[in-house]
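Please examine the model shown below together with its sequence. The briefing is intended for a reader who is new to this structure.

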Amino acid sequence: MTASKSFLIWTSALILVIAFGAYGAFLRLTVGFKVTALNDYYPWGLWIAYDVLTGIALAAGSFSLAFGVYIINKKKFEPLLRPTLLTCLLAYLTTALGLIIDINQPARFWHPMFPLFFQPHSVLFEVYWCISLYIIIQLIEFSPIVAEKLRWKWFYSAMESEKVMVPLVMVGIIVPTLHQSSLGGLFLIAPDKVHPLWYSPILPILFYISALAAAPAMIIIESNISSRVLNRGLELDLLSSLGRAMRYILLVYVAIRFVDLAARGALSYIGDARSLFFLVEILIGFIAPLLLLLPEKFVKSGKILLLASILVVFGVIMNRFDVLLTAWLYPPSGAIYFPTWAEISVTGMLVALEALAFTLAVKYLPIFPEI
């Protein structure tokens, strides 16, 4: 099969998924909650669990890699910066779109920007502002790529200068650090409703560290996919360095989590019905990839790096779903939640939109260096 035919099939499939999800989004915006399985006990479902909590966590690669390239001068990672920035920008944009669909007030998305509607004591208000600011920062960081394509040399040179990029990256590190942790802070107001295996006063810290672990994992996965789809080389030396960083982050995360569980006496809950989800999450999603990455020879293996990264992404996704849904205690009789076809189709649409935009960007913009 030729490359052009594969590209046509891939983009056509994505467009079909987008069209189906657009119909689900239309029903959500016109019919309302009737097309969802949400209820008074489960007001947040698939859209918040995946499109917001998970999507934001998996988009942590941009600020962490930019920190390495521009702040600590690890220029060797520069070939990975553009595709990572593109992925994270698209993740944040689709998250914003998902929030608009979930809240179902598209005409009022701008309200928190004006003092009349400020809610400074709300964690969600802070998350809204941080996500909005970070999207703007990412658009500015991405602008030199477009300028290079359009051959705007003056604009490219100005934006790529350290006088512009270093302060921008520094702000771009602070802002996502705030909302990555604040998403965990949302659950601190419900200590009696969240299962002790997941509830913790340091939940914001755990959310932040797990997002940091997801950052190199997503970069490794994206590099492997792009190398296959676009028939380009794989930056194995760079990915091995990211694998070592991921190994230490996982070690810190697992250690902190078990120390926290032991300090709160929550380990005694292992054995109840919900602990199965906890064991799958922690053993497969965090401990297994940590063990895979401990031997140095495995870190240098592209297949082991990819497997470990997939497991980490699985662990982060399951952690966010568990905190939001599995860990929620004492539902009233009849209060259950399972996403409807409309919820699933909208989530599929957002993922397909991101994949289609990424595909078109790497085809028509200078995203990847020649390797």
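The points that follow concern a pocket, a cavity, several helices and selected residues.

This is a predicted model, in which local features need pLDDT of at least 70 and side-chain atom pairs count only at pLDDT 80 or more, while totals for chains, interfaces and linings use all residues. Residues are numbered from 1 along each chain as its sequence is written, and side-chain values use heavy atoms, with hydrogens and water left out. Helices are DSSP runs (H or I, at least four residues), numbered from the N terminus.

**Second largest pocket**

- A pocket is an open set of points on a 1 Å grid over the protein atoms alone, with protein on both sides within 12 Å along at least five of seven lines; its lining residues have an atom within 4 Å of a point.
- The volume of the second largest pocket is about 880 Å³, where a volume is the space filled by probe spheres set on grid points that are joined across faces, edges and corners.
- This pocket is lined by 32 residues, of which Leu99, Ile103, Pro112, Leu124 and Tyr128 are the closest to its centre.
- Helix H2 (46-58), helix H4 (78-103) and helix H5 (123-150) are the elements that give two or more residues to its lining, and H5 provides the largest share with 7 residues.
- The lining of the second largest pocket comprises 24 nonpolar, 5 polar and 3 charged residues; here Ala, Val, Leu, Ile, Met, Phe, Trp, Tyr, Cys and Pro count as nonpolar, Asp, Glu, Lys and Arg as charged, and the others, Gly among them, as polar.

**Cavity**

- A cavity is a set of grid points where a 1.4 Å probe fits but cannot get out.
- The structure holds 1 cavity of 30 Å³ or more, and the largest cavity contains about 70 Å³ of space.
- Among the 14 residues lining the largest cavity, Leu197, Trp198, Leu203, Leu206 and Arg257 are the closest to its centre.
- At least two lining residues each come from helix H8 (203-229), helix H9 (236-263) and helix H12 (302-326), with H9 giving the most, 4 residues.
- The lining of the largest cavity has 9 nonpolar, 2 polar and 3 charged residues.

- H4 has 26 residues and reaches 38 Å from its first C-alpha to its last, close to the 38 Å expected at 1.5 Å a residue; the expected span is 1.5 Å times one less than the number of residues.
- Asparagine 104, with a positive phi near 65°, follows H4.
- The 19 residues of helix H10 (residues 275-293) should span 27 Å, and the end C-alpha atoms of H10 are 26 Å apart, which agrees.
- H10 has a kink of about 35° at isoleucine 287, shortly before proline 289; the bend at a residue is the angle between axes fitted to the seven residues ending there and the seven starting there.
- Residues of H10 that are buried include Phe278, Ile282, Phe286 and Pro289.

**Selected residues**

- Buried means under 20% relative accessible area, exposed over 50%, and partly exposed in between (1.4 Å probe, protein chains only).
- Serine 12 lies in helix H1 (residues 3-31) and counts as partly exposed because its relative accessibility is 33%.
- The C-alpha atoms of serine 12 and leucine 356 are separated by 9.5 Å, although the two residues are 344 residues apart along the chain.
- Threonine 87, in helix H4, is buried, with a relative accessible area of 10%.
- A polar atom of the side chain of threonine 87 lies 2.9 Å from the backbone oxygen of proline 83.
- Threonine 326, in helix H12, is buried at 16% relative accessible area.

Technical notes. A polar contact is a pair of N or O atoms within 3.5 Å; within protein, one must be able to donate a hydrogen and the other to accept it, and residues adjacent in sequence count only if both atoms are side-chain atoms.
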